[in-house]
Amino acid sequence: MSRLSLSSMDHDDVKLVQDVNVNYAAATTARGLGVLTTGIFIVGEMAGTGVLALPRAIVDAGWFGLPLIIVGAFMSGYTGIILGRCWTIVKERFPEKYGGHTRYPYPAIGSEAFGKLGSYSVRFCVNATLFGVSTVFLLLAADNMQTLVHSSKLVFCVWLPIIAVCLVPLTWLGTPKDFWPVAIGAMGATSIACLLMFIQILMDIPEEPPSHTSPSFVSFFIAFGTIIFAFGGHAAFPTIQHDMNDPRQFPKSVFLAYGIIVLMYFPIAAAGYFVYGDAFLDQNTDNILDVITPGGIQKTVITMIMLHLVLGFVIVINPLCQELEEALGIPLHFNWKRAVLRTMVVGLVLFTGETIPHFGAILSLVGGSTVTFLTFVFPSLFYLRLNATEDPSGRWEKRNLSLHHKIIHAEIILVGVVGGVASTFSVIYSMAQGGSQFTVPCYVNATAAHL
C-alpha cells in the first residue's frame, strides 16, 4: 500500500500515520483469504442460479443471447476489477477510517465518491439485491426439493418454510473469513452439477431440431435481466475483498472466478437452447432441471444444486445481515442479538418467497434494476469520481485517466442505465399482464384450498 504523504506533517502527525500504516498491515496479514480462496468465494456466491436460468434466457433472447453472455461476463468482470480498485483507493486514502474491520465497504466507496447520496444509493441497491438473491436461492431450493421428493403433501409452498428453518442456524456465522469452506463446497457442488447436466443434455439431443419462437422486446429484456443477474455478484465483492490477505490482489481473484463461471455457464446455456428450445415455454418454467429427462443424473444434479443453494444462501445473506447489525450496534462477536436479527431476516425472505413464488420473476426484476446499477453504473461512476478528486491538504492528487478509458466507462454506464430500465419495465409489464412472470402467492392458494 502506498503511504500517505509525510512532507507537510509535523513529527506527531508522522508518528500517527506510521502507526496507522503498521496497524493496517498487521490487520490485513492476520486475515486469511488469499487470491485462490477469494476467487472460489466469488464463484460460490455467483454460480448456481445463473446456470439454471440461462438456457431459458437464451430462448427468450434468441441466438443473440449467446454472445450477450460473453459480453455480459466481460463487462461484469471488468467492473468487478474496477470496484476492487475503488476500494483500494479508499483504503489508501483513509486508512484511519477503513484500516480495521469494515462491515459496509461498498457503501463506504459511494460515500467517499459522492457523500451521503452515494452511500445511501449503494446501501439501498446492495440490500435490495442481496435480499432478492437470498429469496431466489430459497425459491430454487424449494422448487428443486419438490422435483426431487414426489409427495402430494410436501408441495412447493410447504418446502419453503421447511428449508428456511433449516437455513437459519447457518446464517448465524460471522463474516466470510469465518466460513471459507462453505465457498469451496458451493463451487465444488456447482462444478459437478454442470458437468452432469451437460452430459444429460447431450443425451437428450432429439432427432429433429426443436422449434424456437422469435423473441419480443419484452422477452429480450427479461432475458437481459436474467443474464445480468447471473453475473451480478458485485453487491458482496467489497465485503469479500475486505477479508483478503492483500486486498490489492482482488483483480486476480475476479479474473480467475469469471473464467471458471463462463466455463460453467456457456456450455449449459448453448446446449440447453439448441436441444430444448421452446420446451421451456411449453412447460412455463425458468429452471432447466424441469426440462431435462428425469432419471439418476437429474436427481444427482438437483442434489448438487441444492447443496450449492444452501451454502450460497449463507454467503449472500451475510453482507445484508452485517449491514443491519452495524446500524443496530450489534457487536461483531457471536451473541443472541445476532441470532435473533438474522432469524428475522430469513423470516422476511420466506414471506417474500411465499408472496412471489416464481424465482424467474424476482431474478429478472432484481437483475434488471439494482444488480444493473451495482454491476455497471456504480463501479464506473465511482471510479471516475474518485480519480477526479484531490485532497485540499495535499494527501493525494487526482489521477488523470486517458480519454479512451473515460469513454469506456461512459459506455458501460449508458448500457447499464438503458438496459436496466428496459429490463425492469419488461418484467413489471409481464407481471401486470398476467404473463409467465406472474404467479399467485402461496398463502392465497392455501386460503382458496380451505374454502
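**Cysteines and a pocket**

Guide: Let's start with Cys-86, which counts as buried because its relative accessibility is 0% (buried is under 20% relative accessible area, exposed over 50%, partly exposed in between, with a 1.4 Å probe and protein chains only). This is a predicted model, where local features need pLDDT of at least 70, side-chain atom pairs count only at pLDDT 80 or more, and totals for chains, interfaces and linings use all residues. Residues are numbered from 1 along each chain as its sequence is written, and side-chain values use heavy atoms, without hydrogens and water.

Visitor: Which cysteines form a disulfide?

Guide: Cys-157 and Cys-442, with sulfur atoms 1.9 Å apart; the cut-off for a disulfide is a pair of cysteine sulfur atoms within 2.5 Å. Cys-157 sits in helix H7 (residues 156-167) and Cys-442 in helix H18 (residues 442-450), 285 residues apart. Helices here are DSSP runs of H or I, at least four residues, numbered from the N terminus.

Visitor: Left-handed or right-handed?

Guide: Left-handed, because the S-S torsion is about -75 degrees.

Visitor: Is Cys-442 buried or exposed?

Guide: Buried, because its relative accessibility is 4%. Cys-157 is at 24%, so that one counts as partly exposed.

Visitor: Switching topic: which helix gives the most to the lining of the second largest pocket?

Guide: H4, with six residues.

Definitions and conventions: Helices (H or I, at least four residues) and strands (E, at least two) are DSSP runs, numbered from the N terminus.
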